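Hello,

Please have a look at it first, and then read on.

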Amino acid sequence: LFKPIEKISAILELYPKGMAGFKRFTDLMDEEVDVVDKEDAKPAPLLDGAIEFNDVTFGYEENRPVLKNVDLVIPAGKTVAFVGPSGAGKTTISSLIPRFYDINGGAITINGINITEMTKESLRSQIGIVQQDVFLFGGTLRENIRYGNLHATDEDIYHAAKLANLDALVESLPNGYDTQIGQRGLKLSGGQKQRIAIARTFLKNPPILILDEATSALDTETEALIQQSLKELAEDRTTLVIAHRLATIRHADHIVVVTKDGIVEQGTYDELIENNGVFATLNSIQIKQ
Ligand code: ATP
């Protein structure tokens, strides 16, 4: 639902701006033509295998590739972190896995099956995405968590909230799970919203996870709670982390360093520090900051 909601908010924002706005809106719709299922696309099996990029080339605009001949393996059940300067293509890599865009060359496979052979619905239903912008609708906390899986029982919701470290928040709310939050309700902090997103993803229980780490600083206590919940969420799932703060990915199974030149380094945290290359430089800059 993220893409349509993004489009709707774009429309609402542009509506009062007259024809200039209308023109921008049509541009947006033209640009964001969604990918379509192949006629013979099949429902995907349980996607608990490795994700592989084979010679992948992709650009948002013709003749302006963002990714060129990328080869990459994200092993089944492991956590792979992507780091690198802003604009290098980290988010782009992660958005190709749910097929938000079709690639221009090469292949992306999961369980050895090309993702273009699967129905989008069966592919996307097996991918959980936790982003820094969390969408909360006007409704109760319970309804907002249930959004992760509309068939979830109250017991499932309480369990997911516990795993996401939401217990203390629930206790502090005037009506617990039945407190109105979101647009017309109680305003929650960035860290609280993110834990709701984590609870939703526990409910969804997907084999593949994409975590887009928040860039904005949270207080240390909230940060620790979120990191702990994310660690539990990532357990036994094939996980991509788009990391901005290098300290948080110390324990990733594998780190991929992406720059405008493509993938320039890969390894564990200790290996990359030892290497004394791009990662070690980025790391020492962040430590100084
Ligand atoms: P950041 O750390 O700032 O999130 P990133 O490494 O995730 O950056 P991307 O967001 O993947 O980088 O962007 C890679 C390139 O693609 C950039 O040059 C960016 O301007 C461009 N880009 C990203 N999204 C779009 C889009 N929807 N349309 C056109 N160009 C885009």
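How much of the protein do buried residues make up? The share is 30% of the 289 residues, where buried means that 20 or more other C-beta atoms, placed from the backbone, lie within 10 Å of the residue's own. Please keep in mind that this is a predicted model, in which local features need pLDDT of at least 70, side-chain atom pairs count only at pLDDT 80 or more, and totals for chains, interfaces and linings use all residues. Residues are numbered from 1 along each chain as its sequence is written.

The protein has 11 helices and 12 strands, which are DSSP runs numbered from the N terminus (helices: H or I, at least four residues; strands: E, at least two).

Now to one pair of helices. The axes of α8 (residues 190-204) and α9 (residues 220-234) come within 10 Å and cross at roughly 10°; axes are lines fitted to C-alpha atoms, for helices over the stretch in contact, and angles run from 0 to 180 degrees between N-to-C directions. The two helices are therefore roughly parallel to each other (angles under 35 degrees).

Then there is the ligand. Around the ligand are Tyr 60, Val 66, Gly 84, Ser 86, Gly 87, Ala 88, Gly 89, Lys 90, Thr 91 and Thr 92, each with its C-beta atom, placed from the backbone, within 6 Å of it. This shell has three nonpolar, six polar and one charged residues (Ala, Val, Leu, Ile, Met, Phe, Trp, Tyr, Cys and Pro count as nonpolar, Asp, Glu, Lys and Arg as charged, and the others, Gly among them, as polar).

Finally, residues 24 or more positions apart account for 71% of the contacts with a separation of 6 or more, a contact being two residues whose C-beta atoms, placed from the backbone, lie within 7 Å.

Best wishes

Technical notes. Parallel < 35°, antiparallel > 145°, perpendicular 65-115°, else oblique. Buried ≥ 20, exposed ≤ 12 C-beta atoms within 10 Å, placed from the backbone.
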